[in-house]
Amino acid sequence: MKQRLVIKVGSNVLTRADGTLNITRISAIVDQIAELRKLRHEIILVSSGAVASGRSELRVESHLDSVEQRQLFSAIGQVRLINHYYDLFREHNIHIGQVLTMKENFQAGEQYQNQKACMQLMLDMGVLPIVNENDTVALTELMFTDNDELSGLIAKMLKADKLILLSNIDGIYDGDPKNPESKVIEKVAQGADLSEYIHREKSSFGRGGMESKYHTASSVAKEGIDVIIANGTRDNILVDLITAPETVLHTEFQA
């Protein structure tokens with residue numbers, strides 16, 4: 001059955017341990033998205049990685065503050081990141097379109113409707129939207145918490161069937177993920193409170209963490225959209241989640 005899928009890929013999936021872009025991983029994700037499109041699914045990709053990409057491209061003096069560094073690195077890195085996506089998707093004859101947005105664009109009004117109409121048109125024309133926050137102009141108080149929040153807003157706006165949040169662990173655990181006795185919580189019923197299981201540390205290279213994924217997943221599931229948290233470093237994770245979900249560990253928030 002054809003589904004509209006919003007797929008969010010975090011910085012920890014797209015980067016190596018030293019913070020540089022993992023092109024092999026990006027290529028694998030592109031291949032999987034291409035396979036899902038062959039199965040007639042519609043895909044919206046929310047991709048982190050611009051700041052990490054820029055940071056590995058340019059060394060700067062320490063006098064720049066955190067906002068200035070973010071603006072500079074994202075401006076440089078977004079070009080590099082989207083060029084990688086362009087080249088890789090072109091191998092599959094898939095046209096892509098870049099969407100850079102801000103939190104204020106999701107307030108009710110003309111900007112929201114224009115953004116929604118543009119992305120719907122892209123999908124109607126077979127173009128794959130690749131979405132990221134416009135870090136070059138977003139001020140701290142106007143920024144999304146992270147791309148988990150952004151992907152949730154996109155899923156609601158476009159009435160997606162499923163939101164997939166890819167991280168570097170298999171899902172939400174019932175204990176410390178480093179403890180071999182801890183197990184992944186596979187199904188989360190509507191309204192279930194998992195806050196006691198959520199570790200609040202941030203991810204290594206992104207702004208998010210499992211706490212933000214939990215809040216996004218809970219909010220989106222209330223809107224009638226299934227949400228999956230899964231490990232984007234696993235081989236073939238996206239195709240397996242859609243075609244054989246019982247074969248791969250993940251946490252699913254039921255709509």
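**Side-chain contacts in the predicted model**

In this predicted model, Tyr214 is a buried residue, with a relative accessible area of 9%. Phe253 is buried as well, at 3% relative accessibility. What do these two rings have to do with each other? The count of aromatic pairs comes to three. In the pair made by Tyr214 and Phe253, the ring centres are 6.1 Å apart and the planes meet at 50 degrees, so the pair is tilted. Tyr214 belongs to helix α7 (residues 210–221) and Phe253 to strand β8 (residues 251–253), so this contact ties together parts that are 39 residues apart in sequence.

Charged side chains come next, with a count of nine salt bridges. One of them joins Lys103 and Glu149, at 3.2 Å from N to O. Because Lys103 sits in the loop between β3 (96–101) and α5 (110–124) while Glu149 is in helix α6 (residues 147–157), the pair ties together parts 46 residues apart in sequence. Lys103 is partly exposed, with 31% relative accessibility.

Helix α6 also holds Asp148, and helix α7 holds Lys213. The side chains of Asp148 and Lys213 form a salt bridge of 3.3 Å, N to O, linking distant parts of the chain that are 65 residues apart. Both residues, Asp148 and Lys213, are buried. Together with Lys8, Asp148 and Lys213 are linked in a network of salt bridges.

A further salt bridge connects Arg234 with Asp170, whose closest N and O atoms are 2.7 Å apart. Here Arg234 is partly exposed, at 36% relative accessibility, whereas Asp170 is buried, at 8%.

Notes. Residues numbered from 1 in each chain as written. Predicted model: local features only at pLDDT ≥ 70, side-chain atom pairs only at ≥ 80, totals over all residues. Heavy atoms only, no water. Phe/Tyr/Trp six-rings, centres within 6.5 Å; stacked < 30°, edge-to-face > 60°. Helix = DSSP H or I, 4+ residues; strand = E, 2+ residues; numbered from the N terminus. Buried < 20%, exposed > 50% of the residue type's maximum accessible area, 1.4 Å probe, protein only. Salt bridge = Lys/Arg side-chain N within 4 Å of Asp/Glu carboxyl O.
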